Amino acid sequence: MIIDTHAHFYFPEILDNIDEIIDNAANAGVDKIIIPAVDLRTCDVILELTSKYEMLYAALGFHPGDIKEINESEFHKLETLLKENKVVGIGETGLDYYWDKTYIEKQKEFFRIHLELAVKHGLPVIIHTRDSVADSIEITDGYRGKVRAQFHCFSGTEDELEKIISCEAFFVSFCGNITYKKFAGLGLVEKTPVEKMLSETDSPFLAPMPHRGKKNQPAYVVDTIKKISKVKNIEETKLIAQLRKNAEIVFPGIF
Ligand SMILES: [Zn+2]
């Protein structure tokens, strides 16, 4: 069975069709889905969903793209929520230099607070690194051997990839854009050992071919896995088993 480690289920396009989307996922062989939060409001929505749907699990945190208006005092509330049922990770955190560079120092500070919480609570972190891989590596360097981490929707240089996967507890994952004709990062997929990969969709974004242009959903993770199996020249069933084994290491809370 397949795990989608990253799907943003609080968007209306998913919430309005959630039963159908969960059915589609189950029919595609997906049995567990992790939903990362972006702020306290989405933390609440997610906890409601995870209590209602068996296959859903929560990661709680403040997304770097959403923290401009978030006050540091909100971490107290976040920390109390970490004790709720089915919380299996912290995130999504990290750095985003693509949308707004005006509050980079705040992003770094918040990223460090998430990492500290991860150490304290023994939870893995889900890391967003859009246009910010080098700084993300610099910050996580201080946490090698202390936290488990997923560098989600990875895109960076091969050197950066090497640095990340040289840490035993750091993993990367690729989204549906690796199936696009013009995707420039296939070399990264080639260079990543399947033992260091996780499966994800980043729903509702980045739907893989042949669903490009539609809203992404966990069922489509199979198309990204198909592409990885081709690039890595590994049988799909073997790849799925390996990806599950990796998820057991990073997110033991879902098992
Ligand atoms: Zn995300």
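## The model

This is a predicted model: local features need pLDDT of at least 70, side-chain atom pairs count only at pLDDT 80 or more, and totals for chains, interfaces and linings use all residues. Residues are numbered from 1 along each chain as its sequence is written.

## Overall build

The protein chain has 10 helices and 8 strands. These are DSSP runs numbered from the N terminus: helices are H or I with at least four residues, strands are E with at least two. The C-alpha trace spans about 45 × 40 × 30 Å along its principal axes. For 255 residues, a compact globule would have a radius of gyration near 18 Å; the chain has 17 Å, which agrees. That radius is taken over C-alpha atoms, and the globule rule is 2.2 Å times the number of residues to the power 0.38.

Of the 255 residues, 47% count as buried. A residue is buried if 20 or more other C-beta atoms lie within 10 Å of its own, exposed if 12 or fewer, and partly exposed in between, with C-beta atoms placed from the backbone. Contacts are pairs of residues whose C-beta atoms, placed from the backbone, lie within 7 Å. Among contacts with a separation of 6 or more, 71% join residues 24 or more positions apart.

## The nonpolar core

The largest nonpolar core has 70 residues. Such a core is a set of buried Ala, Val, Leu, Ile, Met, Phe, Trp, Tyr and Cys residues joined through C-beta atoms within 7 Å. Those with the most contacts inside it are Ile33, Ile35, Ile46, Ala58, Ala59, Leu60 and Val125. Take Leu60. Beyond its neighbours within four places in sequence, Leu60 is in contact with Ala37, Cys43, Leu78, Leu81, Leu82, Val87 and Ile90.

Two strands pair if DSSP finds at least two bridges between them. β1 and β2 pair in the parallel sense over 3 bridges. Here Ile2 stands opposite Val30 in β2. In β2, 6 of the 7 residues are buried, so this strand is largely enclosed by the rest of the structure. β2 also runs parallel to β3, joined by 4 bridges. The chain crosses from β2 to β3 through helix α3 (residues 40–52), and this β-α-β crossover is right-handed. Right-handed has a set sense: with the strands pointing away from the viewer, the path from the first strand over the helix to the second runs clockwise. Across this pairing, Ile34 stands opposite Tyr57, and Ile35 opposite Ala58.

Strand β3 (residues 56–60) has 5 of its 5 residues buried, so it is largely enclosed by the rest of the structure. In a regular strand the side chains alternate between the two faces of the sheet. Both faces of β3 are covered, with Leu56, Ala58 and Leu60 on one side and Tyr57 and Ala59 on the other. β3 pairs with strand β4 (residues 87–96) in the parallel sense over 3 bridges. There, Ala58 has Val87 as its bridge partner in β4.

Strand β6 (residues 149–151) and β7 pair in the parallel sense over 3 bridges. Phe151 has Val172 as its bridge partner in β7. Together, β6, helix α7 (residues 158–165) and β7 make a right-handed β-α-β unit.

β7 is mostly covered, with 5 of its 5 residues buried. Phe170, Val172 and Phe174 lie on one side, and Phe171 and Ser173 on the other. β7 and β8 run parallel, joined by 3 bridges. From β7 the chain crosses through α8 to β8, and this β-α-β crossover is right-handed too. In β8, Leu198 is the bridge partner of Ser173.

Helix α9 covers residues 221–232, and its 12 residues should span 16 Å; its end C-alpha atoms are 16 Å apart, which agrees. The expected span is 1.5 Å times one less than the number of residues. Buried residues in α9 are Val221, Asp223, Thr224, Ile225, Lys227 and Ile228. Their cover includes β1 (2–4), β2 (30–36), β7 (170–174), α8 (186–191), β8 (197–199) and α10 (236–250). Asn233 follows α9, and its phi is positive, near 55 degrees.

Lys245 sits in helix α10. Lys245 is exposed, with 11 other C-beta atoms within 10 Å. Lys245 and Glu195 are 50 residues apart in sequence and 8.4 Å apart in space, C-alpha to C-alpha.

Conventions: Two residues are in contact if their C-beta atoms, placed from the backbone, lie within 7 Å.
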